[in-house]
Amino acid sequence: MTSPHMDTILLVCSDEDYSVNLIDSLHDIGANVIGPVSRGDVALALAAQNSPNLAIFANEPSCERDATELARELHDTWGVRSLLLDGAIRNVGEQPWLPEAETLDRLIDSLAQADAARTQ
């Protein structure tokens, strides 16, 4: 189920249990996962080295930047789009770093299917 638009995902998350669940779900849909990382500077370094297609923020990074600032920097520097989950979700309006609608829909559908299959 991997699409060419989301085959490598940078996971920014400081919650170990949540990270494990997210990584399992992402692996179930055939995505490669970089991380989890909790620090913004590490996320930027890994993006430089691994060229992820998407960053997922499960919560706020531990750095001087908040999730939206780090998402903007990942996009401006490396062209990485970002999805904000849980505590990182806020009304950010239209942003160039948000995933394209098609990518977002595919990711949500795939993760929902992976979660449904896991609970059966």
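Read along the sequence, this chain follows the pattern β-α-β-α-β-α-β-α, which gives it four helices and four strands. The model is a predicted one. Of the chain's 120 residues, 42% count as buried. Among contacts with a separation of 6 or more, 66% join residues 24 or more positions apart. The points below take a walk around helix α2 and the stretches on either side of it.

**The buried face of α2**

- Helix α2 covers residues 40-50, and its buried residues are Gly-40, Ala-43, Leu-44, Leu-46 and Ala-47.
- Looking down the axis of α2, you find these buried residues within an arc of 165°, so they line one face of the helix.

**How α2 packs against α3**

- Two packed helices are described by the angle between their axes and the distance between the axes.
- For α2 and α3, the angle is about 25° and the axes are 11 Å apart.
- Angles under 35 degrees count as roughly parallel, and α2 and α3 are therefore roughly parallel to each other.
- The crossing of α2 with α3 is right-handed.
- On the α2 side, the contact is made by Gly-40, Ala-43, Leu-44, Ala-47 and Ala-48; on the α3 side, by Leu-70, Glu-73, Leu-74 and Trp-78.
- Sorted by type, the residues of this contact between α2 and α3 comprise seven nonpolar, one polar and one charged.

**Two backbone details to look for**

- Where does Pro-36 lie? Its place is in strand β2.
- The peptide bond that leads from Gly-35 to Pro-36 is cis, with omega near 20°.
- Which residue follows α2 with a positive phi? That residue is Ser-51, and its phi is near 50°.
- Ser-51 sits in the loop between α2 and β3 (54-57).
- Is Ser-51 buried or exposed? With a relative accessible area of 54%, Ser-51 is exposed, because exposed means over 50%.

Note on methods
Residues numbered from 1 in each chain as written. Predicted model: local features only at pLDDT ≥ 70, side-chain atom pairs only at ≥ 80, totals over all residues. Heavy atoms only, no water. Buried < 20%, exposed > 50% of the residue type's maximum accessible area, 1.4 Å probe, protein only. Arc of directions from axis to C-beta. Axes fitted to C-alpha atoms, helices over the stretch in contact; angles between N-to-C directions. Parallel < 35°, antiparallel > 145°, perpendicular 65-115°, else oblique. Left-handed = near helix turned anticlockwise from the far one by under 90°. Contact = heavy atoms within 4.5 Å. Nonpolar A, V, L, I, M, F, W, Y, C, P; charged D, E, K, R; others polar.
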